[in-house]
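Here are some friendly notes to read alongside the model. Please keep the viewer open as you go through the points.

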Amino acid sequence: MYEFGPFRMDPQEYVLSRDGKIIPLAPKLFETLLVLVQNSGHLVDKDEMLRRVWPDSFVEEGNLTKNIFLLRKLLENGHDAAYIETVPKRGYRFVGSVKVA
């Protein structure tokens with residue numbers, strides 16, 4: 001179980017909740033967030049993200065970009081907290097403080 005801000009993420013059940021309310025996420029969106037949260041504070045290279053989220057498929061980088069966009073919109077939702085940092089031409093970093101529960 002991972003906790004950051006008002007969010008709680010359960011990788012066993014594939015559930016993300018905010019203040020106790022479940023937020024429905026498509027599986028690949030959840031997996032994208034999970035990779036970032038598990039590597040909190042560290043750069044995750046774009047190619048590594050693509051391999052981990054879509055292990056047996058060839059997908060365009062645009063799929064990853066779209067997932068990051070949707071996650072930012074969902075997590076920030078009118079708040080000032082930024083959770084995902086873009087490292088230009090390299091990848092992404094989860095910058096929120098994560099507690100493992």
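Is Phe 94 buried or exposed?

1. Phe 94 is buried, at a relative accessible area of 1%. Here buried stands for under 20% relative accessible area and exposed for over 50%, with partly exposed in between (1.4 Å probe, protein chains only).

2. A word on the basis of these notes: this is a predicted model, where local features need pLDDT of at least 70 and side-chain atom pairs count only at pLDDT 80 or more, while totals for chains, interfaces and linings use all residues. Residues are numbered from 1 along each chain as its sequence is written, and side-chain values use heavy atoms, leaving out hydrogens and water.

3. Now to the aromatic rings. Rings of Phe, Tyr and Trp (its six-membered ring) pair if their centres lie within 6.5 Å; planes under 30 degrees apart are stacked, those over 60 edge-to-face, and the rest tilted. The count by this rule is six aromatic pairs. One of them is edge-to-face: Phe 4 with Tyr 83, at 5.5 Å centre to centre and 70° between the planes. Because Phe 4 sits in strand E1 (residues 2-4) and Tyr 83 in the loop between helix H3 (61-76) and strand E6 (84-87), this pair ties together parts 79 residues apart in sequence. Helices (H or I, at least four residues) and strands (E, at least two) are DSSP runs, numbered from the N terminus.

4. Tyr 83 is itself buried, with a relative accessible area of 8%. Tyr 83 also pairs with Phe 94, this time stacked, at 5.7 Å centre to centre and 25° between the planes. Phe 94 belongs to strand E7 (residues 91-94), so this pair links the loop between H3 and E6 to a part 11 residues apart in sequence. One aromatic cluster is formed by Phe 4, Phe 7, Tyr 83 and Phe 94.

5. Next, please look at helix H3. Which residues of H3 are buried? They are Leu 64, Asn 67, Ile 68, Leu 71 and Leu 75. Seen down the axis of H3, the buried residues fall within an arc of 100° (taken from the directions from the helix axis to the C-beta atoms), so they line one face of the helix. Turned away from that buried side are the exposed residues Lys 66, Phe 69 and Lys 73.

6. Finally, Thr 32 lies in helix H1 (residues 27-38) and is buried, at 0% relative accessibility. Leaving aside residues up to four places away in sequence, Thr 32 touches Met 49, Val 53, Leu 64, Asn 67, Ile 68 and Leu 71, where contact means heavy atoms within 4.5 Å.
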